[in-house]
Each structure stands twice: as structure tokens, then as C-alpha cells.
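Q: Could you take me through this structure feature by feature, giving the general idea each time before turning to the case at hand?

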Amino acid sequence: MLGMALVIMIASITVTFLSAKVAATLGRNLRDQIFGKVISFSSGEMDKFSTASLITRSTNDIQQVQMLFAMIFRIVLYAPILGIGGVIKVLETEASMTWILALAVGLILLLVLVLMAVAMPKFKKLQTMIDRLNLVSREILTGIPVIRAFSREKHEEERFEEANRRLTRTNLFVNRTMTFMMPAMMLIMNGITVLIVYNGSYAIDDGKIQVGSMMAFIQYAMQIIMSFLMITMISIMLPRASVSAKRINEVLETEPQIHNPKEPEQAQKGHEGEVVFDHVSFAYPGAEENVLTDISFTAKKGETVAFIGSTGSGKSTLVNLIPRLFDVTEGRVLVDGVDVRSMDIHDLRSKLGYVPQKGVLFSGTIASNLRYGKDDATQEEIEDAARIAQAADFIEEKEEKYESPIAQGGTNVSGGQKQRLSIARAIAKKPEIFIFDDSFSALDFKTDLTLRQTLKKETKDATTLIVAQRISTIIHADKILVLDEGRVAGMGTHGELLKSCEVYQQIARSQLSEEELAHE
Amino acid sequence: MSNKRGPMGHGGRMSGEKAKDFKGAMKKIIKYISRYKFRLILMLIFAVAGTVFNIVGPKILGKATTELFNGLVAKISGTGGIDFGRIGEILAFLMCLYAVSAVCSFVQGMIMTGISNDVGYSLRKEISGKMNRLPLKYYESRPYGEILSRITNDIDTLQMGLNQSITQLITSVTMLIGVFVMMLSINVWMTVVALLILPVSMLIIGKVMKRSQKYFQAQQRYLGEVNGQVEEIYSGHNVVKVFNKEKDVTETFEQTNQKLYESAWRSQFFSGMMMPIMQFVGNIGYVMVALLGGFLSIKGIIEVGDIQSFFQYIRNFTQPIQQIAQVSNMLQSSAAASERVFEFLEEEEEDQLAEHPVSIQGLEGNVEFDHVSFGYDPDQIIIHDFSAKVRSGQKIAIVGPTGAGKTTMVKLLMRFYDVNSGSIRVDGHDLREFNRSELREMFGMVLQDTWLYNGTIMENIRYGRLDATDEEVIAAAKAAHAHRFIMTQPEGYNTVLNEETSNISQGQKQLLTIARAILADNRILILDEATSSVDTRTEVQIQKAMDNLMKGRTSFVIAHRLSTIRDSDLILVMKDGDIIEQGNHEELLAKKGFYANLYNSQFEKVS
């Protein structure tokens, strides 16, 4: 018997080992897959899901599914063996009372079904409430300075409270419904035992069975019911996990709209560094109105082309079309003489030095951030880039200089520093084409000017596209496009536009004094 | 990930790396839930009752069997028959007992889920309150994803753990005691032998627990790390794409994920291993008791029937031990989670209330900086000895190159940070004499960072003054020149800003934050790069609105565009944290110093 016990132990440990491994593998693979998928998304898909929701899907939801599977593997392997073994034994001993077993199984299934029907809709709601709580928490965490400035701590606590209360209420309902399950199961089990004895006593009286086989029958019945119990245990976790699984699946099933072409075209000789917009129109997916309408221009190698216009005129959208963060709705964008849609997407992006509107840094060190676009950049190269971006001074002031840590999201450097680092990051990459998406407005005039002067000097051959607010930033551009409600309102140099373009005149007048205007 | 020390002295991930103190965490949980004393006791009573009825059950069922057996014997020997009435009675009684037991466990479950839900609820609530009392410094030194995960994942784990483990703990212990009593009543010596397995069990539980706890912590830590990466990469999605970093970030992620996987399966495995081992130990005990039982029955000390029932009780005896072992696993993950939650709740707060707070009623808004010196790190002073006097109603501009400490001045004024030495006074009262929130009521503020939340435009503007009427909100929006663009939105003022507030542009957001500040209507205004994302045509219009707004108010303006500050009463020129020049526009230009240089550089040619 001891030997038997030892074998059982070893077998069970093996099962545990396998189930733990399989469940963990599943979780890991799902994480890898969903992460890879999200990475492949274009900005369109990101907007569709919202970043917050994608984060929950990649973290919480996967955790749920993984937990369920850990349970399933451990239980599902046991339960049927126990259950089927029990049934065989029962049929061997006495068939006249098998209807009791059928009754037991029927009752258990009924119970589970009823509970599921009650709890399932609430389970779905539960997830949206978790999302809501996450969102509110995120908003509070990102808005701490503003909340404090307005002294709205109470208000935020109330907003959180609201989300918290609703989550708790739903949670309570769901949990309580599930609480009902165990006692009810026990009652069914015990009731069945009583029923067997009651029935059995008559059968014994009739001499159909013996007391011993009735006792055995009880044992087997328990075994069968237990195996069903185990399976229903899983059903407790099933609803929440299935909702999670669905949300994960939604992400996995979404196909990114922007694809790498199957047979990419090579850059055309003689057109290197050239950016051409050919009657480009663009509307966000699902939107009725165009953000950009019929834009055409050419930026030759080494030229500086600037975009100016009021807020919402589509300047940022325009430059986002070049790295294919979005694809044009009509017309085409050419880089190096090739439509960006037929170019290898990695080749395309490796030509670009992109500086987003909002400085985004990644955790690591200053150096690791500067090397982001060029892994093998030497210390000299990154120091050079930092110098051009006017970032060298503040970096040198830091104790650990280029090895100074950057916190997640770059929260430990100021807005202007973040912006300069993200400019330096693009410079270190030594791209053919620079895209500055309103990257200078977080800088003061002086820094802005020095930065541009140095940049111009050091990167003569690069084509530069600048989205700007300030005329002073773009005053010396080779070509200025004035955008108004997504259309080109004027194109030319500063001097030409001052004479010919009304919108430009208005902008200029608002920024420069008469004297300065005359000076030009 | 870099483990180097951050500027604040500790990196973001430190919390996960700290040595975990299981006992301490448990103590904290117990202390926390002791506030539900009454309900816990009630739950205890129901749990014990439910279990006791369950323990008694088999014995009564045994009675029925005995009755049946005796009846059968009597029938065979011809002295009577089976007393169905008696059996029926016993079974009916038993059924009632079971029903009561079920009701008890159900009530117990209801109470316990209630408690654990309340624990989760109030912990979340405390965290949300705590978030508002922590110094700004706390947030600047760690990723918010980490705090977020405490609010959701950790509290969730804790809540679930509490719910299941406490119930199981109570029923198991009751079961253990009940069965122990039953066993003693049968035979003392056999009980002693059966108990011999206890220390062995304890030893094994202890060993396995120690290991699995280690992996549980690792799992929790890597989970945090994986989630942190997800948060960071998803937020910087654009940059990752354009820099062709998809492969690199995926590789890094897969590495961390692999670590998570290693610790995840190990923690699962070790916790799962406990059960089979315990079963094995239980079986050894079984054999030992069988040997002794056989010996005793040969000696005629006990009946064969007693051995049979004793075996049943041994089975019932090892079962709760196994359950306790399972519970210990759950407690471990709960402890790990609770440690992170309590750690957050125990962070040092900034004092909210002054001892003898000065009322802000009737203050005029004279601000005086008196030899102020400050550094985020006391070793690195960035503002040295700054003094200035500002009279009520003046417009003060702060200019200077990026990183000169302009925003720091504002942070000091709002008391996000306290000065290291010197003082800032409003109408002669040191800032520290005010209650923090009251002090801030005095300021209206528009920051470079345009923070809005997922709600309607109306709600977002009303944030400035919660009791404002719709008309007042619209008036403020008009003053901020936001009305036009709001009306072009699909739902006008009822347009809901989406989660990322990406359905309006950066400049439009800024207009809304300006409207919000206009509505707030405070004594002192702070405009930190308030119009940096607004196009200049709009800016001129807003400027006019602002000028109106600023009339009679003290205002501090930080701006890059020097054109917006030409008419200030006082311009403070900052460089490297110090005020190097002050005066009005003409005076400063005449000085031909740093300011004049800065001003002229706007129009310099790129040579």
C-alpha cells in the first residue's frame, strides 16, 4: 500500500509539474503574441482600441486566462478519470439505483447553468468597470499637478469613489452568486447520500442488495459527484476568463491596416532625400471630413520645407503620412522617388529622423535613448548629437552624465529637456530626412535659434521638414506651406508669402512688430 | 533595465526588490480587517456551525445504517424487521441538519464576500486619497504604471485571497478540532499515532512554502516589470515604429516575459506539489494506524467497527491539513500583494493642514519672495537666494532659457515643493501658514501640460469652478476663444473627450484649459507656457481675453514668446536658477544685457 501511495504521489507531482508548465507557457506565448500584435499596429488601430484598453488586455486579461488554464490542466486531468472510474464501478455493483446518480448530475448541471445565467451578464459588466477604474486612476496619476493646482483633490476622490463603488457593487453581486454554489453543491451531495440510504433500505429489505454494497455505492456516488464538482469549480472562473479571452482575441484578430509591400521597390537614383506630395488627401478612418485636401509640394534634397497654420489645420497629420503612421486616402507620398506604400517600411523609416510633438523617452539611460535610432553610435556621435540639439549642457551637469537614468516615460527630466533629447535622438541617427513635428515650441527662442543654426550647419545634405507655430522658427526656410483647414493657402518663401498670402500676413502680424516686418 | 540610482535616490522598481516580510504583511492585513470585528465574529460562528453539522452528519448516517443492519439481522433471525419509520426519522433529521449546515455556510460566504469586498473597496479608496496627499516628488521618481497596478492587480489579488483563505482557514481548523475530538473519543493511543504525522506535515509545508514564496514574489515582481514595459511601449508607440525598434522592444519584452514565465510555473508547481506530498504523508499515517488498530483489536481493546470509523476520521483529518496548506499558498500571494499596497499607503505624506491656518479671505495678492533658495535635491541647489516683491494686480513675467528654473518658481509658489531656506509670503503670510488646498484655491493656473479627462467639454471647463452654471461655462469658453471650435464638435459642449483626449488637438486642449482657468477666477494667476500650442492668431485673441482677466489680479506669466510679455510690470530674467535681471521691457532692453540679447535673437538670421 505504501508503494501504491508513493506511485500516486509521483504521478500527481508530475501532473502538477506539467500543468504548471503548460499554463505558464500559454500565458507567456499569449503575452508575446499580443505584444507583437500591438507593435505591428499602425496609429489607426492604436486609436481604435485606446492605449489604456490595450494595456489592460495585455496584462490583466492574460493573467485571467492563464489562471483558468492552470486550474483546468490540473483538474480536467483528474476529474474524468475519477468520474468514469466511479461510473464503471457503480454499473458493476448495482444498476437499480443509477437513476439517483443521474438525478445528482442533473441537479448539479442545473445549478451551474442557473448561476451562470445570473452571473454572466454581470461578469461582462465587471470588466468594463475595471477599465473605468483604471482610466480614472490613470487620469488622476497623470494630472496630479493640475488637480492640485485647482485644489480638486476632493472632486477626484469622488470620481474615483464613483468608479470604485460601482465596481465593488458588481463585484459583490458576482461573488455572492458564486458563494451560493458551494453550499448548494454540498447539500446536493449530502441529500443524495440520504436518498441512497433511504432507497437502499427498501432494496435491502427486498433482498436485492446487501448493506455492504449500499455502502460501496455511496462511496462511488461521492466520487462521481466530486468529479463533477471539480469541473464546476472551473466554471466559476470560466465567465470572467472567457470575457478576457474574447478581449484578447479582438486584439489578435485585428489586422493592421498598414502592411509592408510584398515586393518593395528600391529608391530611385537621383531622387535621394526627396519628399514629394502628389495631390494628397487624407481623412481619419470612419471620419466624413478630410483633414487634408489636395496637398502637393516637393522638398528636394537638402532643402528646408516648413508648414505653418492655425491649430487644427492638419500640419501634424501631414508629416505623419511620411513615416506611414497613417496611409493617404487619395494621391500619393513619394520618398526618394518611390511611393511610400511600395517601399520597404523599415527602409523608409530608417531614412527618417522623426521628432514627435510630445517628447517621448524610454526608461534606460540618456545614452540608451540617444542610441535609440542607431544602436552602434559611438560615444562621440551621441555627444555630437546632444551638442547639436543643445542638450549637452544639461547632460554634462548631471552627476552620471550620459549614463544618467531616465525613468519610465522620461518623467525625471523637464519638458524642454525631453524635447531636446528626442531631437538629439533623431540627429544621432543621421537620417536623410528630418521631420520635426512642432518640436521646437517647448524650447525658448534662444535655444530654438541656436539649435537650428547648428543643425543647419552640421546636416547640410539632409532634407528638413518642420511643422511650426512660430514664424521665427521657419523664417529662413526654402519653402513655406501655409495650411488653412487642410488646404494649401499659400506656398513660397517668407518674403513672397508676406506679399501674396493673406493668411500668412495675419500670422506674421500677430507675431512680429511692424518694425520687424519692415526689417524683412 | 537600469538599476542605477535615480536622481531621487531610488529607482522606480525598488519596491519589488525589497526583502519581503511575510509576517509583517500578515500582521498588517489582520490589523486592517480587525475593523470588521463584529462581522468576522458572526462569520466565524456560522462557519463553525456549518462545519460542525457536517462533522456530525456521518455519525448520524452511521446510526441509520446500524438501524438498518440491526433490522436486517432481526429479520433474518425472525425476531422483527427493518424499522422504516425509525430510519425515515433519522434520515429526515439528517436532511434537516444538512440543510441547516448549507444555510450556515451560505450565510458565512455572504458575510465573508461582503467583508473582502469592503476591504478591497476601502483599500482602493484609501489609495485614491493617498494619491492626493503624496508629495509631487513621489510621482516624479516612479512610473505611474506601477501605482496603477497596485490599485488594480494587487488589491484584486488581496481581495480574492482574503475571501477564499479566511473561509477555508476557519472551516479547516474547525474540522481539524472536531475530528480530533471524535478520534479521541474512539481511542487515545490510535489518536497519538495518527498525530505523529503532524510534525512531518508541518515540516514539509514549511519547506515548500519557503520556496514557493520566493517564486511568488519573483512572479509578482516580473509581472510588474512586464506591465511597466507594456505601458511604456504602448504609450510611445509612434516613436518605436518610426525608429524601427519593433524588433528590439519585442526582444526585450520577450526576455522579461521569459523571466515571468520561469517564476510563474515554478510558483505554480511548488504550490501544487504540496497536495500530493501531503496525501502521501497522510497515507503513511493510514498504514501506521492500521497496524496499531489491528494490534489493539487482537488484544480486544477496541471493536473492528471502531477501526472503520477511525479510518474515516483520519481521512477527514488529513483533508483539512491539505486545505490549510493550500490556503498558505493563497496567503502568500495575498501577502506579497498587500505588502505593495501597504507600502504605498505608508509613504510619507505632505502635511495638508497648517497648525494655525491663515484664512485666504480678503487677501489681496501681494507676493514676496524673501531670499528663497531651493533644490529638488538638497545637495543640488538650483535657485540661489532669490528675492522679489510683487504688488497686488501686477503682471510678472518670468523668462529665460529652457531649464533656467522658471517652472520651479511656479511649483514653489503653489507649494508643490517647499523652499529649503528663505520664505515666500502672500500678504505677509508665509505659504506654510496656509492650509495647502486653501492656498491653491487662491491660484488660477494654466500649465503647459494640458491635462483633461474623459468627460464632456462642459465638465472639463467646469472643473475650474464646480458650481458654475452652463452659461458661466460658455462665457468662459467664449473669453478663451474656445466657443467657436467647441460648437464645431459633433455634440458641442456635450462632446465627450475620449480616453486619450485625442479627439481634439493640442491647441484646442490648451484653449479648454484656459477657459477652465478663466472660470476659476482666482486672485493670483499663473500661466506657464499657456499658449505654447495655440497658433499665434488665436494667441493674440486669447491674449486680449487674458489681459481682461488679469486686470486687478496678480499674475505670473512664463512665456517663450517674448511678444506676449512686453507689457509686463516686471520681467524676471532667469538663468541657471537665479534672477539675473529684473525690470520692465524698456528698461531691460536699454540695459543691453541677457534679456536684450534673448529678445533680439528671435529675429536673428540663420547664418
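Q: In what order do the strands of the open sheet of four strands in chain A lie, and is the pairing parallel or antiparallel?

A: As a general idea, the strands of a sheet pair through backbone hydrogen bonds, and they may do so in a parallel or an antiparallel manner. In this predicted model, the open sheet in chain A has four strands in the order β2-β1-β4-β5, with antiparallel pairing. Its edge strands are β2 (292–299) and β5 (338–339) of chain A, each of which pairs on one side only.

Q: How many bridges join strand β4 to β5 in chain A, and which residue is the bridge partner of A:L334?

A: Strand β4 (residues 330–335) of chain A is joined to β5(A) by two bridges, the two strands running antiparallel. The bridge partner of A:L334 is A:D339, which belongs to β5(A).

Q: Turning to helices, which residues of helix α7 in chain B are buried, and where do they fall when seen down the axis of α7(B)?

A: An α-helix has 3.6 residues a turn, so residues three or four places apart point the same way. In helix α7 (residues 188–195) of chain B, the buried residues are B:M190, B:T191, B:V193 and B:A194. Seen down the axis of α7(B), these buried residues fall within an arc of 160°, so they line one face of the helix.

Q: Where is A:M230 placed, and how far from A:I72 is A:M230 in sequence and in space?

A: A:M230 lies in helix α8 (residues 211–253) of chain A and is partly exposed, its relative accessible area being 25%. A:M230 and A:I72 are 158 residues apart in sequence, while their C-alpha atoms are 9.4 Å apart in space.

Q: How many salt bridges does the structure hold over all chains, and which parts of chain A does the pair A:R247 and A:D131 link?

A: Side chains of opposite charge can pair when their charged atoms come close. Over all chains, the structure holds 30 salt bridges. One of these joins the side chains of A:R247 and A:D131, at 3.1 Å from N to O. The pair links distant parts of the chain, with A:R247 in helix α8 and A:D131 in helix α4 (residues 98–142) of chain A, 116 residues apart. Both A:R247 and A:D131 are buried.

Q: In chain B, is B:R415 buried or exposed, and what does its side chain meet in a salt bridge?

A: B:R415 counts as buried because its relative accessibility is 4%, a value under the 20% cut-off. The side chain of B:R415 meets that of B:D418 in a salt bridge of 2.7 Å, N to O, and B:D418, at 31% relative accessibility, counts as partly exposed. Elsewhere in chain B, B:R465 forms a salt bridge with B:E472, their closest N and O atoms being 3.3 Å apart. Salt bridges that share partners also join A:E161, A:E162, A:R165 and B:K125 into one network.

Q: Finally, which residues of the largest nonpolar core touch the most other members?

A: In soluble globular proteins, nonpolar side chains tend to be buried together. The largest nonpolar core has 95 residues, of which B:L123, B:F369, B:F386, B:I424 and B:F556 touch the most other members. The largest share of this core, nine residues, comes from α4(A). Leaving aside residues up to four places away in sequence, B:L123 touches B:Y32, B:I155, B:L158, B:V341, B:F342 and B:L345. Apart from this core lies another, of 76 residues, which include A:F35, A:A306, A:I366 and A:I423.

Methods. Residues are numbered from 1 along each chain as its sequence is written. Chains are lettered from A and ligands numbered from 1 in the order in which they are written. This is a predicted model: local features need pLDDT of at least 70, side-chain atom pairs count only at pLDDT 80 or more; totals for chains, interfaces and linings use all residues. Side-chain values use heavy atoms; hydrogens and water are left out. Buried means under 20% relative accessible area, exposed over 50%, partly exposed in between (1.4 Å probe, protein chains only). Two strands pair if DSSP finds at least two bridges between them. The arc is that of the directions from the helix axis to the C-beta atoms. A salt bridge is a side-chain nitrogen of Lys or Arg within 4 Å of a carboxyl oxygen of Asp or Glu. A nonpolar core is a set of buried Ala, Val, Leu, Ile, Met, Phe, Trp, Tyr and Cys residues joined through side-chain atoms within 4.5 Å. Contact means heavy atoms within 4.5 Å.
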